[in-house]
Amino acid sequence: MAIPPRTTTPSVYRQYGQQHPVQRVGPNVTDDYERWYTEATPSNRMVLSIRSGINSEIAWALDRLYRLCANDQFILKTIPGLTDALFEWPEWYATEGYLVAEQHRLFAMPDAEHRKRRHALESIFILRNSATNEPNAHELANHSRTLPLLFNTLTNLAPDTDMNAEFVLNAMELLQAISLGVILPDPASNKKDPLPTLLQIAGYSSNRSLIISALTLLAQLFSNIQNTRRLDSNSPALAASIRYLPLFVDRALVDASLNYLYAHLSHPPMVKAFLHHPLMPSTLRVLVSFLLSEQVEETVNLDISAVTRAIPATTVVIPVHDLTKEELETLVPMPEPQRCYEWMKIMFVATPDGELTQVDFWTLYKDAFTPFADRYPVLVASDVIKNVNVVFPQAQAMVLPGPPQRFVVRGVDRCKNTEAAPRFKCLWERFQCSAPPFEAPGELYDHLLEHLESSENPEPPCLWASCPLPSSSKQRLRSHLLTHLSSSQPPAKHPSQDDTITVTADGESYPFTDPTKRRPPPPRQTNISYTRPVADPPSAALTALLIIRILFRSSFVATTDTAPRVDGEHFGFPGVVEDDDGDDVVDDIWSELEGERRGRRAFVGVKRMMEDVRMKDETLMSWIVEMVYAAYDGLFRS
């Protein structure tokens, strides 16, 4: 409770004469800033209150220390006598008080013992909180009463009882803060040994907080090389850490399990023994699964598309020019070769890039004038081709080598109509039908059937434009006429088909002159999607990776073969002194070899999972790659 500042002279002092009271501003007396309570003097009020034996004063002092002990400015050694005062009640409870508590499990303790037990809990809690500050941890580590108190607590008190659980938890957490220099006693000595209690808590307790604290404390103790002699391959703590490892949602418990596993397997004899553990393969799989669950990845989309052009798939095709009725009536009576010259001027145009086959020239000429050959003679094919150079001097008839050879005329092309012909115009009678264009293909087909039925010839030819179909039955012609009709609607496209065509960016045009020689264009859009790690894995995942690395090094590093020994078939090895326990040494080596084989088989079993592990750090990723490659090699070695 904060004390209000004094602004006037207290009434207990008498005022002399007309002297005015001197106003004094009191110090900041808010909680956690009670400076006169933390003065570095032997007569410090809190120390005196703790040692006073007055319950109200003790409760007041411990309450203030509750507030101050977590502050970085709170240093134990600056208050002489405070540390020793805080040890009194915990020491009483660890040596005598716990017996009183055990006698009153069903009923409340006497008031005096109950108050002392409460003071003990508060005192050890204050010591535990103050140890989070490094100067205080150093002070407590070097204090002569710290280890005896903690060892007595972990030796005498039953940790699973509700009466002792909180006291034992604070004692273990205090021991964690000073565990760097703690050396466990030899089990053959008569000294207090906390290890059995810690192993019992880690392996068999149902109190989660005690389990986490015990595993963390054991990991710190076994990080000291002098304590590794107390490691046991069948430790209950090892079984507990393996048992709790798959509980990924309980991060604190998993961290404690990983830390203990790392401390346990960092000792070479323990990792060699662990390779024979029946749960070793499943433990390795859980560790890799934990790496996968902890990695944070992002999806990267990379566009590697080439430069292309997209042109409309539907183009307006300008029809080539065909002789009209008037043009044909004008050309037919002309004498040759004048008729051929005029015909070429109407039907063709000079184009540097144009190319037509000589057969096309002759076929178009023959189809136009052969029906009138009985009255007006026609030229032969060679004369028609020769006349091309007369009308178009830049054109050239040539033979392109094959196979097969191609006879072409280069430099000319068909003349195009400037106005597109109606879509449903009747071209019967060789373009001579005078019927107006129709609005639908059905109407045009009915009109063509009228032409067909009006013919007296039972096997008339097809008279559509320049169709070369010879005489056929009317029934066949009815089906053939459908090939000359265009659909009223464009053909349906597949849903994945686009409205454009992708061509290369170097000027390729559409429609293509020869589609069979079209260069395959690159895909219009080529995106590569892959995942990559965003950040390095958290500390727990790094611990899991270190454990995997230890198992890997122990499984894939070949054991040195034993030197030849003297027997009926060997001379032995120079410099090797024979001893009587040679058979035991050989048995140990064979045991190590079997452990390595089991380890390799375990890594072979998780190689697929490890392929999915991604690390941002290149060094850590190189570890993963090395282990994956070694796992594939282990297929043959295991």
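**View 1. Cys426 is a buried cysteine.** Its relative accessible area is 0%, where buried means under 20%, exposed over 50% and partly exposed in between, with a 1.4 Å probe and protein chains only. The model is predicted: local features need pLDDT of at least 70, side-chain atom pairs count only at pLDDT 80 or more, and totals for chains, interfaces and linings use all residues. Residues are numbered from 1 along each chain as its sequence is written, and side-chain values use heavy atoms, leaving out hydrogens and water. The cysteine sulfur closest to that of Cys426 belongs to Cys433, 3.5 Å away, so the two are too far apart for a bond. A disulfide is a covalent bond between the sulfur atoms of two cysteines. Here the criterion is a pair of cysteine sulfur atoms within 2.5 Å. A search of the whole structure returns zero disulfides.

**View 2. Cys462 is in no disulfide.** The nearest cysteine sulfur is that of Cys467, at 3.6 Å. Cys462 is buried, at 0% relative accessible area. His480 is in contact with both Cys462 and Cys467, and also with Leu469, leaving aside neighbours within four places in sequence. Contact means heavy atoms within 4.5 Å. His480 sits in helix H20, residues 474-480. Helices (H or I, at least four residues) and strands (E, at least two) are DSSP runs, numbered from the N terminus. Why does His480 count as buried? Because its relative accessibility is 17%.

**View 3. The largest pocket has a volume of about 1200 Å³.** Of its 44 lining residues, Asp322, Leu427, Phe431, Ala465 and Ser466 are the closest to the centre. A pocket is an open set of points on a 1 Å grid over the protein atoms alone, where a 1.4 Å probe fits, with protein on both sides within 12 Å along at least five of seven lines; lining residues have an atom within 4 Å of a point. Points are joined across faces, edges and corners, and the volume is the space filled by probe spheres set on them. Elements giving two or more lining residues are H14 (325-331), H15 (338-347), H16 (358-369), H18 (428-431) and H19 (441-454). Which helix gives the most? H16 does, with five residues. The lining has 25 nonpolar, nine polar and 10 charged residues. Nonpolar covers Ala, Val, Leu, Ile, Met, Phe, Trp, Tyr, Cys and Pro; charged covers Asp, Glu, Lys and Arg; the others, Gly among them, are polar.

**View 4. A cis peptide bond runs from Glu336 to Pro337.** Its omega is near 5 degrees. Pro337 is in the loop between H14 and H15.

**View 5. Val412 lies in strand S5, residues 406-414.** Val412 counts as buried, at 0% relative accessibility. Its C-alpha is 6.6 Å from that of Phe348, 64 residues away along the chain. Not counting residues up to four places away in sequence, Val412 touches several residues, among them Val349, Leu356, Phe361 and Phe392.

**View 6. Trp60 belongs to helix H2, residues 55-68.** Trp60 counts as buried, with 17% relative accessibility. C-alpha to C-alpha, Trp60 and Ile50 are 8.7 Å apart, at a sequence separation of 10 residues.

**View 7. The protein chain holds 24 helices and seven strands.** Of its 638 residues, 39% count as buried. Among contacts with a separation of 6 or more, 69% join residues 24 or more positions apart.
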